[in-house]
Amino acid sequence: MAGTTGYDYTTMTMPADITSQSRNCFKTIEAALTEAGFAMADIVRATYYITDAREADAHFAVCGEILGEIRPAATLLVVVGLYKPEMKIEIEVTAKRRTS
């Protein structure tokens, strides 16, 4: 799944903090995966792009809440900036449908 940023699509606003932006990213990712017939448990890889290394722990706390049992392979990259200055994080995921 391509990069997802922290917009709240119900209000079309961008929260100021990385914790809320991370939660919004995962909410958008979950909706897209569900629409495609996948589940969050199908995530096998995640790449996180953050604009401030000091906010990594706050982001990882959200990851623990949402992906704690899933434990996908992950990479965190600190970047100079994203498309808009208010964007603090962008998340990409790869999902593989699990077979029963």
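The legends below describe close-up views of a predicted model.

**View 1. The crossing of helices H1 and H2 in the predicted model.**
Helix H1, which runs over residues 18–35, and helix H2, over residues 56–67, have axes that come within 8 Å and cross at roughly 35 degrees, and the crossing is right-handed. On the H1 side, the residues that meet H2 are Ile18, Thr19, Ser22, Arg23 and Phe26, while H2 contributes Ala58, His59, Val62, Cys63, Glu65, Ile66 and Leu67. Sorted by class, this contact of H1 with H2 has seven nonpolar, three polar and two charged residues.

**View 2. Helix H2 and its buried side.**
With its 12 residues, H2 reaches 15 Å from its first C-alpha to its last, which is close to the 16 Å expected at 1.5 Å a residue. Ala56, His59, Val62, Cys63 and Leu67 are the buried residues of H2. Because these residues cover an arc of only 125 degrees around the axis, they lie on the same side of H2. Asp57 and Glu65, on the other side of H2, are exposed.

**View 3. Helix H1 and the residue just after it.**
H1 has 18 residues and reaches 26 Å from its first C-alpha to its last, close to the 26 Å expected at 1.5 Å a residue. The buried residues of H1 are Ile18, Gln21, Ser22, Asn24, Cys25, Phe26, Ile29 and Leu33, and as a group the buried residues of this helix pack against S1, S2, H2 and S4. Just after H1, Gly37 takes a positive phi of about 90 degrees.

**View 4. Met12 and Arg71, two residues with a positive phi.**
Most residues other than glycine have a negative phi. Met12, although it is not a glycine, has a positive phi of about 55 degrees, and its place is in the loop between strand S1 (4–5) and H1. Met12 has a relative accessibility of 55% and therefore counts as exposed, the cut-off for exposed residues being over 50%. Arg71, likewise not a glycine, has a positive phi of about 50 degrees and is found in the loop between H2 and S3. The relative accessible area of Arg71 is 69%, so Arg71 is exposed as well.

Val78 and Gly68 are 10 residues apart along the chain, and their C-alpha atoms are separated by 22 Å.

**View 5. Ala39 in the loop between H1 and S2.**
Ala39 lies in the loop between H1 and S2, where it is partly exposed, with a relative accessible area of 36%. Although Ala39 and Arg98 are 59 residues apart along the chain, their C-alpha atoms are separated by 9.2 Å.

How values were computed: Residues numbered from 1 in each chain as written. Predicted model: local features only at pLDDT ≥ 70, side-chain atom pairs only at ≥ 80, totals over all residues. Heavy atoms only, no water. Axes fitted to C-alpha atoms, helices over the stretch in contact; angles between N-to-C directions. Helix = DSSP H or I, 4+ residues; strand = E, 2+ residues; numbered from the N terminus. Left-handed = near helix turned anticlockwise from the far one by under 90°. Contact = heavy atoms within 4.5 Å. Nonpolar A, V, L, I, M, F, W, Y, C, P; charged D, E, K, R; others polar. Expected span 1.5 Å × (residues − 1). Buried < 20%, exposed > 50% of the residue type's maximum accessible area, 1.4 Å probe, protein only. Arc of directions from axis to C-beta.
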